[in-house]
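Hello,

Here is the structure I promised to pass on. Please open it alongside this message; my notes follow below.

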Amino acid sequence: FIAEQPADTRIGIVAFAASALLVQTPTNDREELNQAIDRFHTQRGTAIGSGLLVSLQTLFPGENFETQVPDFRRGWGRSRGQSLDEPKPDTAEKKIVPPGSYQSAVIILLTDGQTTTGPDPVETARIAADHGVRVYTVGVGSPQGTILGYEGRSMRVQLDEDTLQTMADLTRGQYFRASDAKGLK
């Protein structure tokens, strides 16, 4: 995918498992991008909403996306409250633009599972839609699920195609399912 993009296209990479992290700031240096991917390690958990929020934060660094999504956390990482001394989130009216209208970037979200933790992915997709960002979702695997083994452990992965389709629809993106490496290409 990276190699097929125009040379002047900047690509950033966000990795997510039980949490999300920007692992490569947007660049057109293909070697840096491939090295970032080579450093990936399989981890437990799937925080699709967190991955989308980190992607949005990268596109719009002046905004605080953590305060824009209701706290619908599941499993690990539940909110533990807020100090009374901390400032309250910015409640000023945000400028909402039509879904799919932001022409400077898109987000491609690739996942092999369903959300197990973090903010609700549909709620985060609504935030992306309000910013005009299209989200193209790619599900790798099957809705029936399978057991994957790695480093002596096993875990069940199962696609949540309904959520991925909803995210794409809300943002005027598209959903793609890849059941194997050929389909992913």
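Which elements do the buried residues of helix 2 pack against? They pack against strand 1 (11–16), strand 2 (20–27), strand 3 (106–111), helix 3 (121–130), strand 4 (134–140) and helix 4 (161–171). Keep in mind that this is a predicted model.

The buried residues of helix 2 are Ile 48, Gly 49, Ser 50, Gly 51, Leu 52, Leu 53, Ser 55 and Leu 56. The length of helix 2 also checks out. Its 12 residues (48–59) should span 16 Å at 1.5 Å a residue, and the end C-alpha atoms lie 17 Å apart, which agrees.

Now the overall layout. The protein has five helices and seven strands. From the N terminus, the order is β-β-α-α-β-α-β-β-β-α-β-α. Of the 185 residues, 34% are buried. Take the contacts between residues at least 6 apart in sequence: 73% of them join residues at least 24 apart.

Next, Arg 30. It lies in helix 1 (residues 30–38). Arg 30 is buried, yet it has no salt bridge. The nearest side chain of opposite charge is Asp 8, 6.6 Å away. Setting aside neighbours within four places in sequence, Arg 30 contacts Ile 2, Gln 5, Pro 6, Ala 7, Thr 9 and Ile 11.

Last, the surface. The protein exposes about 11400 Å², and carbon and sulfur atoms supply 50% of that. Phe 1, Val 106 and Ile 108 make a nonpolar surface patch of about 290 Å². Ile 108 sits in strand 3. Ile 108 is partly exposed, at 45% relative accessible area.

Best wishes

Notes: Residues are numbered from 1 along each chain as its sequence is written. This is a predicted model: local features need pLDDT of at least 70, side-chain atom pairs count only at pLDDT 80 or more; totals for chains, interfaces and linings use all residues. Side-chain values use heavy atoms; hydrogens and water are left out. Helices (H or I, at least four residues) and strands (E, at least two) are DSSP runs, numbered from the N terminus. The expected span of a helix is 1.5 Å times one less than its number of residues. Buried means under 20% relative accessible area, exposed over 50%, partly exposed in between (1.4 Å probe, protein chains only). Contact means heavy atoms within 4.5 Å. Patches are made of residues with over 30% relative accessible area and no salt bridge: like charges are joined within 9 Å, nonpolar side chains (Val, Leu, Ile, Met, Phe, Trp, Tyr) within 5 Å. Accessible areas come from the Shrake-Rupley method with a 1.4 Å probe; for residues, only the protein chains shown count as cover. A salt bridge is a side-chain nitrogen of Lys or Arg within 4 Å of a carboxyl oxygen of Asp or Glu. Lys and Arg count as positive and Asp and Glu as negative; His and the chain ends are not counted.
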